[in-house]
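Me: I have a model open and some labels to check. Please set each value against its cut-off.
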Amino acid sequence: MDNKLKHLEFIQNVIVRMNNESIQLKTWTILLVVGVLTLAEKQGSWFIILCALIPTGLFWILNRNVLKTERLYRQLYDIVRKKDERDIDFSMDTSHIIIESKSYNTVNGFYLPIMIALLIISCWLYFS
């Protein structure tokens, strides 16, 4: 039983790290947007805001990948949880796991409004 618990602990540590990475990506996005908006206000430049769309989009993609990896390890955790003690091999390989393609509503609900707001503010500055 010790091997099984240790393996589950390893997997749980990866899940916690993935969760922390997701939070950090969102934090960096907020810092980027606030910084760009502050700079754009001082410069009066709409182009600076448009340039912020690229890293925000990249953070969005990275966050989706982090959450996908987290889901893979949650599946691995469930598989290991059901294994017999003798079958524990401490494998952290998730390549054999297939997960359903689910929507990432929490990630989309965070990044999409930011991207739309950046576009609206950029257009407002451009046309005013």
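Me: Why does Phe90 count as partly exposed?
Reply: Its relative accessibility is 32%. Buried means under 20% relative accessible area, exposed over 50%, and partly exposed in between, with a 1.4 Å probe and protein chains only. The value for Phe90 falls in between, so Phe90 is partly exposed.

Me: Where does Phe90 lie, and what is its phi near?
Reply: Phe90 lies in the loop between helix 2 and helix 3. Helices (H or I, at least four residues) are DSSP runs numbered from the N terminus. Phi of Phe90 is near 60°, a positive value in a residue other than glycine. Most residues other than glycine have a negative phi.

Me: What confidence does the model carry?
Reply: This is a predicted model, with residues numbered from 1 along each chain as its sequence is written. Local features need pLDDT of at least 70, side-chain atom pairs count only at pLDDT 80 or more, totals for chains, interfaces and linings use all residues, and side-chain values use heavy atoms, with hydrogens and water left out. The protein chain averages a pLDDT of 90, on the predictor's confidence scale from 0 to 100 for each residue. At least 70 is reached by 100% of the residues.

Me: Where is confidence lowest, and where highest?
Reply: Helix 3 (residues 105–127) is lowest, at a mean of 90. Helix 1 (residues 2–43) is highest, at 93.

Me: How do you know that helix 2 and helix 3 are roughly antiparallel?
Reply: Their packing angle is about 175°, and the axes are 9 Å apart. Axes are lines fitted to C-alpha atoms, for helices over the stretch in contact, and angles run from 0 to 180 degrees between N-to-C directions. Angles under 35 degrees count as roughly parallel, over 145 as roughly antiparallel, 65 to 115 as roughly perpendicular and the rest as oblique. The angle is over 145, so helix 2 and helix 3 are roughly antiparallel.

Me: What classes of residue make up that contact of helix 2 with helix 3?
Reply: There are 18 nonpolar, six polar and one charged residues. Ala, Val, Leu, Ile, Met, Phe, Trp, Tyr, Cys and Pro count as nonpolar, Asp, Glu, Lys and Arg as charged, and the others, Gly among them, as polar.

Me: What makes helix 1 and helix 3 roughly parallel?
Reply: They pack at about 10°, with axes 12 Å apart. That angle is under the parallel cut-off, so helix 1 and helix 3 are roughly parallel. The residues in their contact divide into nine nonpolar, one polar and one charged. Those on helix 1 include Leu25, Ile30 and Leu37. Those on helix 3 include Tyr111, Leu118 and Ile121.

Me: How are helix 1 and helix 2 related?
Reply: Their axes come within 9 Å and cross at roughly 170°. That makes helix 1 roughly antiparallel to helix 2. Their contact has 25 nonpolar, nine polar and seven charged residues.

Me: Which residues touch the most other members of the largest nonpolar core?
Reply: Ile11, Tyr73, Leu76, Val80, Val107, Tyr111 and Leu118 do, in a core of 29 residues. A nonpolar core is a set of buried Ala, Val, Leu, Ile, Met, Phe, Trp, Tyr and Cys residues joined through side-chain atoms within 4.5 Å. Helix 1, helix 2 (46–82) and helix 3 each supply at least two of its residues. The largest share, twelve residues, comes from helix 2.

Me: What does Tyr111 touch?
Reply: Contact means heavy atoms within 4.5 Å. Not counting residues up to four places away in sequence, Tyr111 touches Leu25, Lys26, Thr29, Thr56, Phe59, Trp60 and Asn63.

Me: Why is Ser122 called buried?
Reply: Ser122 has a relative accessible area of 2%. That is under the buried limit, so the label holds. Ser122 is in helix 3. Beyond four places away in sequence, Ser122 touches Trp46, Ile49 and Leu50. Ser122 and Leu50 are 72 residues apart in sequence and 6.4 Å apart in space, C-alpha to C-alpha.

Me: What labels do Leu25 and Leu37 get, and why?
Reply: Both lie in helix 1. Leu25 has 12% relative accessibility, so Leu25 counts as buried. Leu37 has 29%, so Leu37 counts as partly exposed.
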